[in-house]
Amino acid sequence: MIVVPIKEESDIVHARAAAKDVARKLGFGLVDQTRISTAVSELARNIYLYAGEGEVHIEEHPDSHRGIRVTFIDNGPGIDDVELALKDGWSSTKAMGKGLPGAKRLTDHMEINTQPGHGTTVTIEKWLAQ
Amino acid sequence: MLENTSIPILKLKDFLLVSIQIDLHDRIAQQLQQDILERISQTQAKGVLIDISALEMVDSFMGRTLADTARMASTLDSEIVIVGMQPAVAITLVELGLPLGGVKTAINLDEGYELLQESLKEKASEKQGLEEESEEEEADDSGSD
């Protein structure tokens, strides 16, 4: 597993480059590599914008689905209304509100665990075609 | 840390030429936007070609910064053409929900340059048309005196 700490803005670039590298090594094609690095960029930026700092964990998917799994962990303010945050165009800051819904569309699976005041963990998966 | 990362903006006759060769940080993207607008204002450039063929991804921040820059440039009477987007980037941008609406794009620099030239000609002939119209009006006015 590769852990990329997110502390400053340039770490967003490190996270998406690392994810793309892992995706390529796992055998994803160029379009999927681009989808994965773009989704990672959106979600890593969410950590930087909303929580200030956190971590991105990049790993090969451990079970049934072969592919990649990326987990975004922070101890920030959490998300009050996940359903609202997944709506296109909605954003609580000056960000563009494409982060969560966009990342969801670019991946095969997304899971959000959050508690207001206790941080957020977002997991995304992209599966290799069998 | 990230000091010497400014992206060169070249002037070529009526146009500016920018080639993005590094993975764009948010801050560098914003700096580039500002630099492009300043150069348009200084040089009165009528168009800007932004080559993104080296960009391996364009996320929502970058996409919106590019689209905003194009809109801002048009208020300065200049036109931006995004050139050379990789197919994987185009696919991902649309899936992300950010199809760069309203921004002119071209497949390569040659096509982008043609596009700017044509649009410059169109503008010139529109302007000429307007001038001729007003001359005719003036002629009509003098005729009725």
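Residues count from 1 along each chain as its sequence is written, while chains are lettered from A and ligands numbered from 1 in the order in which they are written. Because the model is predicted, local features need pLDDT of at least 70 and side-chain atom pairs count only at pLDDT 80 or more, whereas totals for chains, interfaces and linings use all residues.

**View 1. Here is where chain A touches chain B.** On one side sit 22 residues of chain A, and they are in contact with 19 residues of chain B (contact: C-beta atoms, placed from the backbone, within 7 Å). The elements giving two or more residues to chain A's side are α1 (10-26), α2 (30-51) and α4 (99-106) of chain A; helices are DSSP runs of H or I with at least four residues, strands are E runs with at least two, and both are numbered from the N terminus. α2(A) gives the largest share, 9 residues. By class, chain A's side has 7 nonpolar, 7 polar and 8 charged residues (nonpolar: Ala, Val, Leu, Ile, Met, Phe, Trp, Tyr, Cys and Pro; charged: Asp, Glu, Lys and Arg; polar: the others, Gly among them).

**View 2. Chain A has an open sheet with a helix packed on it.** The 5 strands follow the order β1-β2-β3-β5-β4, with antiparallel pairing (strands pair if DSSP finds at least two bridges between them). At the edges are β1 (2-6) and β4 (109-114) of chain A, each pairing on one side only. On average, neighbouring strands are turned by 15° against each other, direction ignored. α2(A) packs on this sheet, touching β1, β2 (54-60), β3 and β5 of chain A, and its direction makes about 10° with that of β3(A) (axes are lines fitted to C-alpha atoms, for helices over the stretch in contact; angles run from 0 to 180 degrees between N-to-C directions).

**View 3. Zooming in, β3 and β5 of chain A run antiparallel.** 8 bridges join β3 (residues 67-74) to β5 (residues 120-127). Asp74(A) stands opposite Thr120(A) of β5(A).

**View 4. In chain B, β1 and β2 make a hairpin.** Strands β1 (residues 9-12) and β2 (residues 15-19) of chain B pair antiparallel over 4 bridges, and Leu12(B) has Phe15(B) as its bridge partner. Of the hairpin's 2 residues between the strands, look for Lys13(B), with its positive phi near 50°. Lys13(B) counts as exposed because it has 10 C-beta neighbours inside 10 Å (buried: 20 or more other C-beta atoms within 10 Å; exposed: 12 or fewer; partly exposed: in between).

**View 5. Gln44(B) is another loop residue with a positive phi.** Its phi is about 60°, although Gln44(B) is not a glycine. The loop runs between α1 (26-43) and β3 (47-51) of chain B.

Terms used
Two residues are in contact if their C-beta atoms, placed from the backbone, lie within 7 Å.
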